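Please keep the sequence and the structure in view while reading.

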Amino acid sequence: MSDAAAGRSGGLARAAGPSERLAAEVAEIVRAEVRDVRTHLLRAVRPAGVGLALLATAGGCVVLGAGAASATALRLLETFLPRRLATAGLTGGYLVAAVVLGRAGLTQLRAAGGGPAWLADEMQDAVSATASQVVPAGAAAVREEFDRWASDRQGH
């Protein structure tokens with residue numbers, strides 16, 4: 001028992017019965033243990049918190065880098081394609097990559113079975129519902145832009 005607990009229980013010994021002394025001593029021991037656990041947790045969490053903050057910052061840098069790479073690729077495409085067609089082509093490329101990677105991820109989730117398989121099915125249903133609305137509109141816009149570009153090139 002700590003010195004503080006011994007001092008408090010000594011004062012209680014004269015004024016309280018054995019059950020009150022026991023309750024006071026147990027409460028003090030529990031408080032001391034909670035303080036120790038809190039101290040240990042804070043020591044362990046601080047480096048983890050810094051590590052998580054660094055990882056989040058790294059993730060932000062990856063997003064910015066991908067954006068810069070995308071802008072560079074778009075500028076490269078615009079050197080030989082009209083801006084709208086270059087944008088549509090790059091967007092289409094990203095969407096195809098997303099579909100391929102998404103299908104591979106869903107396959108892995110299904111292979112894991114259990115909860116991940118259920119999650120894969122739910123995600124596929126949600127993506128299919130969204131894609132059934134977005135893809136036809138996007139394809140029509142790309143086709144229209146390509147036709148406009150092709151007719152402009154034939155007219156020149």
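Which side chain meets that of Arg-35 in a salt bridge? The partner is Glu-28, at 3.3 Å from N to O; a salt bridge here is a side-chain nitrogen of Lys or Arg within 4 Å of a carboxyl oxygen of Asp or Glu. The model is predicted, so local features need pLDDT of at least 70 and side-chain atom pairs count only at pLDDT 80 or more, while totals for chains, interfaces and linings use all residues. Residues are numbered from 1 along each chain as its sequence is written, and side-chain values use heavy atoms, leaving out hydrogens and water.

Glu-28 also forms a salt bridge with Arg-31, the closest N and O atoms being 3.2 Å apart. Because Glu-28 and Arg-31 are three residues apart in helix H2 (residues 18–78), about one helical turn separates them; helices are DSSP runs (H or I, at least four residues), numbered from the N terminus. Glu-28 is buried at 7% relative accessibility, whereas Arg-31 is partly exposed at 46% (buried means under 20% relative accessible area, exposed over 50%, partly exposed in between, with a 1.4 Å probe and protein chains only).

The whole structure holds three salt bridges. One of them joins Arg-83 and Glu-78, at 3.1 Å from N to O. Arg-83 counts as exposed at 59% relative accessibility, and Glu-78 as partly exposed at 23%.

Helix H3 (residues 83–112) contains Arg-103, which is exposed at 60% relative accessibility.

Terms used. Helices (H or I, at least four residues) and strands (E, at least two) are DSSP runs, numbered from the N terminus.
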